[in-house]
Amino acid sequence: MVLHGKGAYVAHAETDVYGPGKVLGVDGELRRVRFVYFVATVGVGVLRPADASEEAWVRAWIAERRQRYGDGW
């Protein structure tokens, strides 16, 4: 089992500055995450599963970007 695998909705466990996000890629212990405020590569140990409201926020944010910019989101 891959902890916080590709497509998982996550949040940073130590700060809320990034906002919640979605895992774009996995490289060993690192995760490439599209947070709502940044894209960042972070260690799996600083991530936690997003709660329902955070996941809804990310889904809505991505849907709005898709509508505005196309399917690259």
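1. Let's start with a word you'll need a lot: contact means heavy atoms within 4.5 Å. Before we use it, a note on the model: it is predicted, so local features need pLDDT of at least 70 and side-chain atom pairs count only at pLDDT 80 or more, while totals for chains, interfaces and linings use all residues. Residues are numbered from 1 along each chain as its sequence is written, and side-chain values use heavy atoms, with hydrogens and water left out.

2. Have a look at arginine 31 to begin. Leaving aside its neighbours within four places in sequence, arginine 31 is in contact with Val2, Leu3, His4, Val23, Gly25, Val26, Ala40, Thr41, Val42, Val44 and Leu47. Its place is in strand β3, residues 30-35. (Strands are DSSP runs of E, at least two residues, and helices are runs of H or I, at least four; both are numbered from the N terminus.)

3. Buried means under 20% relative accessible area, exposed over 50%, and partly exposed in between (1.4 Å probe, protein chains only). Arginine 31 does have a backbone atom to look at: a polar atom of its side chain lies 2.8 Å from the backbone oxygen of leucine 3.

4. Now for the greasy part. A nonpolar core is a set of buried Ala, Val, Leu, Ile, Met, Phe, Trp, Tyr and Cys residues joined through side-chain atoms within 4.5 Å. The largest one has eight residues: Val10, Val23, Val33, Phe35, Ala40, Val42, Val46 and Leu47. Strands β3 and β4 (39-43) each supply at least two residues of this core. There is also a second, separate core of six residues, and Tyr9, Val36, Ala50 and Ile62 are among them.

5. Setting aside residues within four places in sequence, alanine 40 is in contact with Tyr18, Arg31, Arg32, Val33 and Phe35.

6. On to charges. Side chains of opposite charge can pair when their charged atoms come close. How many salt bridges are there? The count comes to four. In one of them, glutamate 55 meets arginine 59, at 2.9 Å from N to O. Both sit in helix α1 (residues 52-69), four residues apart, about one turn of the helix. Glutamate 55 is partly exposed at 26% relative accessible area, and arginine 59 is partly exposed at 46%.

7. Further along, follow glutamate 64. This residue forms a salt bridge with arginine 65, with the closest N and O atoms 2.4 Å apart, and also one with arginine 68 at 2.7 Å, N to O. Glutamate 64 and arginine 68 are separated by about one helical turn because they are four residues apart in helix α1. Put together, Glu64, Arg65 and Arg68 are linked in a network of salt bridges. Is glutamate 64 buried, partly exposed or exposed? Glutamate 64 is partly exposed at 27%, whereas arginine 68 is exposed at 52%.

8. Rings next. Rings of Phe, Tyr and Trp (its six-membered ring) pair if their centres lie within 6.5 Å; planes under 30 degrees apart count as stacked, over 60 as edge-to-face and the rest as tilted. The whole structure holds three aromatic pairs. One of these is tyrosine 18 with phenylalanine 38, edge-to-face at 5.6 Å centre to centre and 75° between the planes. Tyrosine 18 is in the loop between β1 (9-12) and β2 (21-27) and phenylalanine 38 in the loop between β3 and β4, 20 residues apart, so this pair links distant parts of the chain. Tyr18, Phe35 and Phe38 form one aromatic cluster.

9. Lysine 6 is exposed, with 68% relative accessible area. Not counting residues up to four places away in sequence, lysine 6 touches Val23, Leu24 and Val26.

Conventions
Polar contact = N/O pair within 3.5 Å; in protein donor to acceptor, adjacent residues only side chain to side chain. Salt bridge = Lys/Arg side-chain N within 4 Å of Asp/Glu carboxyl O.
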